[in-house]
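Hi,

Here is the structure I said I would pass on.

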Amino acid sequence: MATRDTTSDDRTPGAFGPPSRRRVLRLAGGGLALAALTAGTVGCEEDAVDVEEPGSAGGDEPKGGGEGSGAGEKGQAPEPLWTKPTSAETYGDNDELVAAGGVVIASGSPLAALDAATGGQKWSLPGGAVPGAPLLLSEDTLYLASSEYDGSVIGYAPASGKETWRSRLGKEYRQPRPIAVDEEQVYVIAEILEEDGSSRTNVIAALNSTTGRVAWKEQRDVGTEQNGIHAAVRGRHLVYTDFKKNLTVRDTASGGQVWTHKTTKTNYGFFTVHQDLVVVPQGNVLQAFNLADGKEKWSLNASDGALFREPAALENVLYIADSARTMWAVDPRTGKQLWKSEALADAGLQVPRQYVKAGDTLYGATDLDKQGGIIAMDARTGAVRWTFNDKTGDYHAWLVATDGKRVFALHGKKLHALPV
């Protein structure tokens, strides 16, 4: 008996016109069609690294600061501590670059872990990461879908790359992909195989992170997607979307569905979770729902018809930008505005779609844009401190991660380490 997971074929095309090429790649979720699309990657000059002052049109000479400074003189960006070529195969999802255990890892084949301090390779996995599947990180384990497509999900120690855990959902399922993890379980979605080898439905399941045994599994409805899942876990609640106009919450103990909401705008499935709330951008409204019952806790309206973009809850503050290039800081518990900044618009910069925080600096990663890249902002005011762009022209989105000591910026096949 299927546990209800409502769906719709009516997909919102996004806040900014038709989906870009990067959006198409993300929606494909690592499908075979990606091979043809990625053949057109723009070539880049191997050593070209430029940084720019806020609002400038560029300039050919790098501008720098000392190691650990977090910024160069007079608001200029710091020079990278190191820049390395990678085997990265990313599609714009925020979970394709991770830093843990003294290494930084970008999704790719082979999957290589670079020393966070020096950029030297610490270890690699020849099979690499499954295209479109996340690098799922718990406190001490990196979980990956098996690159051998044998139905396994495997856990590795980030510092050494050694296998520490393995589980298999069953022969009747294909391509299980981890989507979320907590202290006790790894949550996966997999295709359910028919007798002829085809698949029309999929299953969501929980695997015990100690024994690898299946804790529970629930079949989802026909029409739901197993690709493009965004998920998070808080206590007894597993929250996820799959690029359709739905937000679904399940009980982590039983797998039973707690509630589901039809949303007005998907923003390609992005949301953030803070304590007992899930916060979802829906066009020009930002809404927070209680995880326990789905009731609205608060809402916030953008001004002048602007549309909210991807949110991030970091250190008890919710950061989000809108299509008017206004940056917001919000109390995620109440929806109260903490500050609002027009610095991005004033500097002519792109809107970030992913954020990390180190110290009192908020780092935002943008889509491809010559006025984008990595934008460093004052986390207390939203003021732009500097921007970093490698000027390669690569069509991939920027991705950002941090270990608290350095900020890692991935763009296409290049990985940069910046001081915080």
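**What turned up**

Let's start with a hole inside the protein: strand E11 (residues 173-181) gives three residues to the lining of the second largest cavity, the largest share of that lining. Keep in mind that this is a predicted model. The second largest cavity holds about 60 Å³ of space, and the search of the whole structure came up with four cavities of 30 Å³ or more. If you want to find the spot on screen, select the residues that line this cavity: Val130, Ala145, Ser146, Tyr149, Asp150, Gly151, Ser152, Gln175, Pro176 and Arg177. Sorted by class, that lining has four nonpolar, four polar and two charged residues.

Next, rings. Eight aromatic pairs came out of a search of the whole structure. One of them is tyrosine 143 with tryptophan 165, an edge-to-face pair with 5.3 Å from centre to centre and 85° between the planes. This pair links distant parts of the chain, since tyrosine 143 sits in strand E8 (residues 142-145) and tryptophan 165 in strand E10 (residues 163-168), 22 residues apart. Both tyrosine 143 and tryptophan 165 are buried.

Last stop: histidine 411, which you'll find in strand E32 (residues 406-411). Is histidine 411 buried or exposed? Its relative accessible area is 2%, so histidine 411 counts as buried. What does the side chain of histidine 411 make a polar contact with? The partner is the side chain of threonine 392, at 3.5 Å. A polar atom of the histidine 411 side chain also lies 3.2 Å from the backbone oxygen of histidine 396. Leaving aside neighbours within four places in sequence, histidine 411 is in contact with Leu368, Asp390, Thr392, Asp394, His396, Ala397 and Trp398.

Key:
Residues numbered from 1 in each chain as written. Predicted model: local features only at pLDDT ≥ 70, side-chain atom pairs only at ≥ 80, totals over all residues. Heavy atoms only, no water. 1 Å grid on protein atoms, 1.4 Å probe; cavity = no way out; pocket = protein on both sides within 12 Å on 5 of 7 lines; lining within 4 Å. Points joined across faces, edges and corners; volume = space filled by probe spheres on them. Helix = DSSP H or I, 4+ residues; strand = E, 2+ residues; numbered from the N terminus. Nonpolar A, V, L, I, M, F, W, Y, C, P; charged D, E, K, R; others polar. Buried < 20%, exposed > 50% of the residue type's maximum accessible area, 1.4 Å probe, protein only. Polar contact = N/O pair within 3.5 Å; in protein donor to acceptor, adjacent residues only side chain to side chain. Contact = heavy atoms within 4.5 Å. Phe/Tyr/Trp six-rings, centres within 6.5 Å; stacked < 30°, edge-to-face > 60°.
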